Amino acid sequence: MDCNEARRLVPISIDCELDAQGEAALAAHVESCAACRAFRHQQEEALAAIHDGATYHRAPTSLRERIVTALPATDQRHKVIERKFGWQLWTRISAMAVACAALVLVLVLPRLSIDERLDDELVAGHARALLTRHVIDIASSDQHTVKPWFNGKVDFSPPVRDLADHGFPLVGGRLDYVDHHLVAVAVYQRRQHLIDVFIWPADGADNANAKPSTSQGYHVIGKTVNGMIFRAVSDVGSDELSQFVDLL
Ligand SMILES: [Zn+2]
């Protein structure tokens, strides 16, 4: 099993929906791979944070009935679906509603400066990735694998460098959409924390080095180098994040 496969299976395993063979293979990989072990730990923590911190609202019975009725299934399958997925479905719908509400708040909040709005978007992107468990599209600690992966997906070449020697190993990359830009995201790790580095070309207006900010417990620190904007988002300490940004 490779890291990409392991990371696909971790959320399924956490939901107790992985079969015994899959669990055994995943356990063997996680046992031998520190990055995937950290990934699993971080996913479990994110889930626990949602369980502990999110507000839950019971959906009306009529909605439940409408969804169950809409499912193309026999009476027997209705029972199985209700028994097996009943509470998980509602937990997920609630979590998605919370995420959507947070996103709407971010998008419609008036009177924020452009920088503040951008930072809120970046934090929302980071939180959305953690919530939906879509943190990484390409899992690799090799900059020569992650950097070319962006070719053809974005119309610029994001500088990606492994910083494992400095205690910030590269763990992969993904795409995101921020401020009307399709952006590259290089994902790094610091102990059990993930650091997202959003990268896109500067186009004059946003050349200024943004001031560090903190929102919803996440720090955002940015800089512009050689016409490329870097903004790092993470819940690591702001000192560590600023040390990390200096290395970029
Ligand atoms: Zn691995």
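Q: In which helix is G125 placed?
A: The model is a predicted one. In it, G125 lies within the helical segment covering residues 114-131. That segment is helix α6.

Q: Is G125 buried or exposed?
A: A residue counts as buried if 20 or more other C-beta atoms lie within 10 Å of its own. G125 has 22 C-beta neighbours inside 10 Å, and therefore its class is buried.

Q: Which residues are in contact with G125, leaving aside its neighbours within four places in sequence?
A: D196 is 71 residues from G125 in sequence, yet their C-alpha atoms are 9.3 Å apart in space. The contacts of G125 itself, with neighbours within four places set aside, are D176 and V178.

Q: How far apart in space are L130 and A46, C-alpha to C-alpha?
A: L130 is also found in helix α6, and it is buried because 21 other C-beta atoms lie within 10 Å. Not counting residues up to four places away, L130 touches A46 and V135. L130 and A46 are separated by 84 residues in sequence, but their C-alpha distance is 6.9 Å.

Q: What distance separates the end C-alpha atoms of helix α3?
A: Helix α3 comprises 20 residues, 34-53. At 1.5 Å a residue it should span 28 Å, and the model agrees with this, its end C-alpha atoms being apart by 28 Å.

Q: Within what arc do the buried residues of α3 fall, seen down its axis?
A: The buried residues of α3 are C36, F39 and R40. Seen down the axis of α3, they line one face of the helix, because the arc that holds them is 100°.

Q: Which helices do the buried residues of α3 pack against?
A: The face of α3 turned away from its buried side carries the exposed residues A34, A48, D52 and G53. On the buried side, the packing partners are α1 (3-14) and α2 (20-32).

Q: Which strands stand at the edges of the sheet?
A: Seven strands form an open, antiparallel sheet in the order β1-β2-β3-β4-β7-β6-β5. Two of these strands have a single partner each, so one side of each is left without a neighbour in the sheet. These edge strands are β1 (138-139) and β5 (213-215).

Q: Which residue in β3 stands opposite G172?
A: Strand β2 (residues 170-178) runs antiparallel to β3, and eight bridges join them. The two strands form a hairpin with two residues between them, and D179 in its turn has a positive phi of about 50°. Opposite G172 stands V187.

Q: Which residue takes a positive phi in the hairpin of β3 and β4?
A: Strands β3 (residues 181-190) and β4 (residues 193-201) pair in the antiparallel sense over seven bridges. Y188 stands opposite I195 of β4. Two residues lie between the strands of this hairpin, and the one with a positive phi, near 50°, is R191.

Q: How many of the ten residues of β3 are buried?
A: Across the protein chain of 248 residues, buried residues make up 27%. Strand β3 is largely enclosed by the rest of the structure, because its buried residues, out of ten, number eight.

Q: What percentage of contacts between residues at least 6 apart in sequence join residues at least 24 apart?
A: The protein chain has eight helices and seven strands. Among its contacts between residues at least 6 apart in sequence, the share joining residues at least 24 apart is 55%.

How values were computed. Residues are numbered from 1 along each chain as its sequence is written. This is a predicted model: local features need pLDDT of at least 70, side-chain atom pairs count only at pLDDT 80 or more; totals for chains, interfaces and linings use all residues. Helices (H or I, at least four residues) and strands (E, at least two) are DSSP runs, numbered from the N terminus. A residue is buried if 20 or more other C-beta atoms lie within 10 Å of its own, exposed if 12 or fewer, and partly exposed in between; C-beta atoms are placed from the backbone. Two residues are in contact if their C-beta atoms, placed from the backbone, lie within 7 Å. The expected span of a helix is 1.5 Å times one less than its number of residues. The arc is that of the directions from the helix axis to the C-beta atoms. Two strands pair if DSSP finds at least two bridges between them.
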